[in-house]
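Subject: Structure handover

Hello,

Here is the structure for you to look over. My notes follow below it.

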Amino acid sequence: MADQQLLLDARGLTKRFPGVLANDSVDLQLAPGEILGLLGENGAGKSTLVKMLFGIYKPDEGEIFMKGSKAEIDEPGDAIELGMGMVHQHFQLVGPLSVAENIVMGAEPKRGMFFDLTKGEEQVAELSQRFGLAVDPKAIVEDLPVGLQQRVEILKALYRGAEILILDEPTAVLTPQETDELLQVMRDLAATGVGIIFITHKLREILAVTDRVTVLRDGKWVGTESTEGATQESLAELMVGRSVVLRIDKDDASVGEPVLSVHDLRVRDDRGHELVRGASFEVRSGEILGVAGVEGNGQRELVEALTGIRPANQGKVTIGTQDVTKASPRTIAEIGVAHIPEDREKDGIVGVYSVADNMVLNQYFKAPFAKGGQRQFAAIAENAERLVEQYDVATPSIKTPGKSLSGGNKQKVIVARELSIENKLVIASQPTRGVDVGSIEFIHKQLVAERDRGAAVLLVSAELDEIFSLADRIIVMYEGEVVADMPAEDATREQLGLLMAGATD
Amino acid sequence: MTTATATTSPTVKATISKYLPWAIALAVMFAILFAMSWDSRQTEAVGAATVRAAAPLLLGALCGLIGERSGIINIGIEGQILLSAYCGFMVSSLSADASLPTVISLILGVVGGVAASALVGFFMAWCAVSLKMDQIIAGTVVNIFALGFTSYAYVQGRTQPRYPNWTVPGLSELPFVGDVLFNHGPLTYLAFFCVVGVHIALFRTTWGLRTRAIGEHPGAADTVGVDVARMRYKNMIIAGAMAGLAGMLLIQSASAFSRNMSNGKGFIALAVMLFGRYRPLGVLGAALLLGFFTALQSQLQFNQAFDIPPQFFGMIPFLLTIAVLAVAGLAARPPAAAGSPYEKE
């Protein structure tokens, strides 16, 4: 007999996709007022699990009980009806519609045959007051900052009477301050009796807010532990299955001459908005410069301008002694600049090319990979075999198309290609986004190795942990400007968080 | 300030695209004033013809608007208009042959025409939603089929009963506006009621809220229990009915079918939709504007006031369509999900 005290009791959930066992007999229990962390690497099956709970996937085996009775959940509508609410990683909000319209959609208040928007706005105002989630019901959603949009998502679930809230990687898009606010909101909601399933791969957040944590690895249920007494190291070990170095050990930097100098750089985006507004900084050989900042503050445009993909509007970029402000991507790469792009699917690999071809994208046109305009397949294959071995890329063969690799392995292909040449400068943009913990550790070690070899490394990351773990010096970008430049050992998390949010003092 | 330079060009663009339509509308008013001073009977004729010409554009644009707001780009409006005109005409003509009363045969014709176009709407929904086909190709198929089929099947010499003119008692006696606004066939009035109806439905009903949602972010609608596929089917059928009425409007004014009688109206309707920024009331203004130029050009062709080949005047609405598309393209923001099939997880 199922436990009536539990809001949710899932037993033996199994889901198979062609060739993959995504979830193998996973158990999960949630009590009222409890915050349960769901922890696992990418591809460990966290998303599959909650999608089964929410009726997006149908489990092949297993049962779900809610408050003691068996629940039949065939589609999200059933889950909503049973009191479940889900805040998706990618917000499910209609941008041009108002907050109230988004929240009440699907369960709209009516007056006669008409949709009663005024009443909807009143209901939303009342709800946001009751749960302490302040937001203007009349505001247009796409005008709101990400943190508020997330609030709208939570209200959407609460409007439908959710007693169980599933939050899928909710902090991935937030500033540290917004994250703290969200964690507080979660505690407040739990205090009213709502049960929360909190998916994240950030160990610190798990420790900060959850009561218990369920860990998945390779689709298998590894264990459910009380958070009390757990440490980042113990959780990481559960998640990966071996002990993991969370903080890379590195020697002091032996800093040399400036390799990259950027002076008063201004860059516009495709719509003509100036997103980099007079950035100036230097990266010297033998150091890692971390660029911290909430996404969308000009980091992407900065990197695109530095690598020649996007024209600079104004300012000067020098690599070594060479002015590369107007240079082409090829010229810049040939000088000795490695680029690990932010969007690996779009800019990093060619999905339909083989792993081997992807590994020579930066050198395919010259010896030994091409002679007299003819490609040298033996050399290309030899190169690929060596790099796959050296960088531990999990691929069936070097002929496998790049798109069929997992995120972490795609990233390894890119890192292998870019670092296979001796570079003066390595530009790495969000190098470990969506990459599993094991690969993160590997990529971090590679970046530190480049620095120790004497290369200058520019690391752009929205993850403060990554910046703190790797950078020797940190600059903060806010609205296209460099608002701070400091040695890493002088920086604190709180201080960077404030700078990233635009606080100036 | 750096901010100023950063935002100048988009702001200027936005301002231009916001006010240009109104500037054009003003120019139109001056043109009317000019025409009035020239001959008041002609002005009245142009005014009434504007309303007549605007009506099918209006309905065609509403068809496109409902589809695109739901996430389906419909370039097959031209074909839907032509096909409904043919089917409606044949139904009316055959039922008149069977000696049914005139009113009945006219009503049957409208029902037939609307049903034919609604069926095409269903077909396009099937292509776009169930087959996840390229929507432009689906629309092109409809256009080619409609022109080929109606040209092949049409037999010259067939006739159908004429539509009555409904004069609104009292109002039609008013000087100028009486003839311009209140002396038309029944379907013309219906077209204008449809605009108001769609406007209210789109912005004041749950259907409208959900329709706007599935065109912008079907995933969001889906996660709150809105059946995206079903709604897209339903809306394409409703939209098809609108285009069907547009086809019947052509029959109302010509009382007979003729080869390729839609003559690009379905495409001009797309321009009207864009110019009206996917809003029914905007579509109303845009349709009246293009209707005015259509009326003006036929008047100019007719009275041969200038020694210019009439074909040049015939070009006016199409040139204006190109101009509108070039300018309005800057301002109109299509629904984000328009054109892409919804992939459910």
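In what sense do strand β15 (residues 288-292) and β23 of chain A pair, and over how many bridges? They pair in the parallel sense, over 4 bridges.

First, the ground rules. This is a predicted model, where local features need pLDDT of at least 70, side-chain atom pairs count only at pLDDT 80 or more, and totals for chains, interfaces and linings use all residues. Residues are numbered from 1 along each chain as its sequence is written, while chains are lettered from A and ligands numbered from 1 in the order in which they are written. Helices (H or I, at least four residues) and strands (E, at least two) are DSSP runs, numbered from the N terminus. Strands pair if DSSP finds at least two bridges between them.

**Around β23(A)**

Val291(A) stands opposite Ile475(A) of β23(A). Strand β24 (residues 481-487) of chain A also pairs with β23(A), in the antiparallel sense over 6 bridges. Tyr478(A) has Glu481(A) as its bridge partner in β24(A). The two strands form a hairpin with 2 residues between them. In that turn, Glu479(A) has a positive phi of about 45°. Buried means 20 or more other C-beta atoms within 10 Å of the residue's own; exposed means 12 or fewer, and partly exposed is in between, with C-beta atoms placed from the backbone.

**An open sheet in chain A**

Four strands run in the order β14-β13-β16-β17, with antiparallel pairing. β14 (274-284) and β17 (322-323) are at the edges with a single partner strand each, so one side of each has no neighbour in the sheet. β13 (residues 258-268) and β16 (residues 314-319) of chain A share 5 bridges. There, Ser261(A) has Thr318(A) in β16(A) as its bridge partner.

**Asn362(A)**

Asn362(A) is in the loop between α12 (355-358) and β19 (370-371) of chain A. It counts as partly exposed, because it has 19 C-beta neighbours inside 10 Å. Its C-alpha is separated by 7.6 Å from that of Glu418(A), 56 residues apart along the chain.

**Helix α3(B)**

19 of the 21 are buried, so α3(B) is largely enclosed by the rest of the structure. Just after α3(B), Ser99(B) takes a positive phi of about 55°.

Best wishes
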